[in-house]
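Reader: I have a structure to study and I am new to this. Can we go through it feature by feature?

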Amino acid sequence: MENILLLAHTEADGSLGKAGLEALATALGLGGALTVGLVGAAIDAAAGQIAGCGAVRFLAVTGDAFGQPRYATDAAAAEALCRAADCQIVLAAGTSRWARALPGVAYRLGGRVDTHATCLAMLGEAPAVTRWFYRQRMEAVLSRSQRPWVVLLDPGCVAPWSGTPSAPGTAGTATVEAVSVEPPATRTTVTGYQSPKSDEQTIRPDAKILLVAGAGWTKKQADGAVHAAEAEQLILAFLRQAQASLGGSKSVVDLSGEGEAVLHCMTHMNQVGQTGSTPRHAKGLSTCCHGEEPHVVGWRFVNQRRAINLDAGCGWARGKADVLYVADAFEVMRHVNAML
Ligand SMILES: Cc1cc2nc3c(=O)[nH]c(=O)nc-3n(C[C@H](O)[C@H](O)[C@H](O)COP(=O)(O)OP(=O)(O)OC[C@H]3O[C@@H](n4cnc5c(N)ncnc54)[C@H](O)[C@@H]3O)c2cc1C
């Protein structure tokens, strides 16, 4: 097996995030000699966290300039680590930070990059990447002869490294070699983060349940009236009580831009489907959504799918859901929330 470099950046608190630990688990599964390359303002906590993982070498680029996500500094750090480690395979989590910087690094090194990998494993003698094409309609397993081969692993595909030291007594004692990098001149200054208030957060990638709301919630109901306010209250109550994540169909997220009766909790960030996201949740419940193919293609990685629709002939009934409740979603969700 070829040598592997795992690139990992620290989180705001200095630790390694879940996505980085997932990439570490994947790197260890390949069986080659593993070098870990850390990037951050300070990496002591992160290095201690994975000291016992079995890596043969720890390298690090540190300094205030490397604590912030920014193309110029991240690419400089990653390039220096790749050159110092001299490994054929470079693996990193597909975080927004690495997704932005590493394709450029692969180009600088004369290598190749594959993004959105869902798996990197040995296929015979050579490592092979699994990834989906055409918005998750086709899955391919592919290999490359060019090196270095940079692979970005999508978060949520494998269990994170559990933290079990490979040899007794080795946890927390990594010997880290510093790789010196002069921070490049940058025009980008990171001034801080803006996050929604925690009570407004509706996208929870790690939630067990995805609740999808469709445009039906904003349409005239049996009494001839629109009940958008009640719809929003039912949806938010479910999200709070089940700690579920909220998805939307394209129709419902577009409505908010067209000045119609809207669900205020819904933004384009919530859209699931061909031109939206493909979230990974154990269970999904679609409500007031027709289940058309461009929407359902975003459900590829939702394991158990249920839908509530008044229309027994909707798309979900055509083999796209495990269970379809032909019912009024207002009524069902009122009961569900009461039970919760
Ligand atoms: C190139 C392309 C890309 C696209 N990408 C996406 C995408 O990424 N994501 C996406 O979602 N769509 C996408 N679409 C659009 C998609 O084809 C559909 O138009 C859209 O998903 C429909 O949204 P909907 O099901 O919420 O609305 P509608 O089709 O209006 O369906 C509303 C449903 O609500 C039901 N309903 C109403 N009231 C109730 C009630 N009280 N209880 C239960 N059910 C009720 C109705 O029976 C109906 O089935 C794309 C289309 C194209 C052409």
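Reader: How do I read a pair of strands, and how many bridges link S5 and S8?
Author: Strands of a sheet pair through backbone hydrogen bonds, either parallel or antiparallel. Strands are DSSP runs (E, at least two residues), helices are runs of H or I with at least four, and both are numbered from the N terminus. Two strands pair if DSSP finds at least two bridges between them. Here strand S5 (residues 112-123) and strand S8 (residues 149-153) are parallel, with 4 bridges. Asp-114 stands opposite Val-151 in S8. One caution: this is a predicted model, where local features need pLDDT of at least 70 and side-chain atom pairs count only at pLDDT 80 or more, while totals for chains, interfaces and linings use all residues. Residues are numbered from 1 along each chain as its sequence is written.

Reader: In which sense does S5 run with S6, parallel or antiparallel?
Author: Antiparallel, with 6 bridges between S5 and strand S6 (residues 126-133). Leu-120 has Val-129 of S6 as its bridge partner. The hairpin of S5 and S6 has 2 residues between the strands, and Gly-124 takes a positive phi near 70° there.

Reader: Which residue other than glycine has a positive phi?
Author: Most residues other than glycine have a negative phi, and most peptide bonds are trans. Tyr-134 has a positive phi, near 50°. Find Tyr-134 in the loop between S6 and S7. Look also at the peptide bond from Arg-147 to Pro-148: it is cis, with omega near 0°. Pro-148 sits in the loop between S7 and S8.

Reader: What is the order of the strands in the sheet of 9?
Author: The order is S7-S6-S5-S8-S4-S1-S2-S3-S9, in an open sheet with mixed pairing. Strand S7 (138-142) and strand S9 (176-178) are the edges; each has a single partner strand, so one side of each lacks a neighbour in the sheet. On average, neighbouring strands of this sheet are turned by 35° against each other, direction ignored. Angles run from 0 to 180 degrees between N-to-C directions, and axes are lines fitted to C-alpha atoms, for helices over the stretch in contact.

Reader: Which helix packs on this sheet?
Author: Helix H4 (residues 96-108) does, touching strand S1 (4-9), strand S4 (89-93), S5 and S8. Its direction makes about 170° with that of S8. Contact has a cut-off: two residues are in contact if their C-beta atoms, placed from the backbone, lie within 7 Å.

Reader: What is the strand order in the sheet of 5 strands?
Author: It is S11-S10-S12-S13-S14, an open sheet with parallel pairing. The twist averages 20° from one strand to the next. Strand S10 (residues 209-213) and strand S12 (residues 283-287) run parallel, joined by 5 bridges. Ile-209 has Lys-283 of S12 as its bridge partner. Helix H5 (residues 228-242) lies across S10 and S11, at about 175° to S10.

Reader: At what angle do H5 and H8 pack?
Author: At about 35°, with their axes 10 Å apart. The crossing is left-handed. That label applies if the near helix is turned anticlockwise from the far one by less than a right angle; clockwise is right-handed. Among the contact residues are Leu-234 and Phe-238 of H5, and Phe-330 and Met-333 of H8. By class, this contact has 6 nonpolar, 2 polar and 2 charged residues. Ala, Val, Leu, Ile, Met, Phe, Trp, Tyr, Cys and Pro count as nonpolar, Asp, Glu, Lys and Arg as charged, and the others, Gly among them, as polar.

Reader: Which residues come nearest to the ligand?
Author: Gly-214, Gly-216, Ser-249, Lys-250 and Gly-273, out of 30 residues around the ligand. A residue is near a molecule or strand if its C-beta atom, placed from the backbone, lies within 6 Å of it. The shell divides into 11 nonpolar, 14 polar and 5 charged residues. H6 gives the largest share, 3 residues.

Reader: How far apart are the centres of domain 1 and domain 2?
Author: Their C-alpha centres lie 35 Å apart. The domain assignment of the protein chain gives domain 1 (4-178) and domain 2 (198-339). Such bounds come from an automatic or database domain assignment. The contact takes 4 residues from domain 1 and 6 residues from domain 2.
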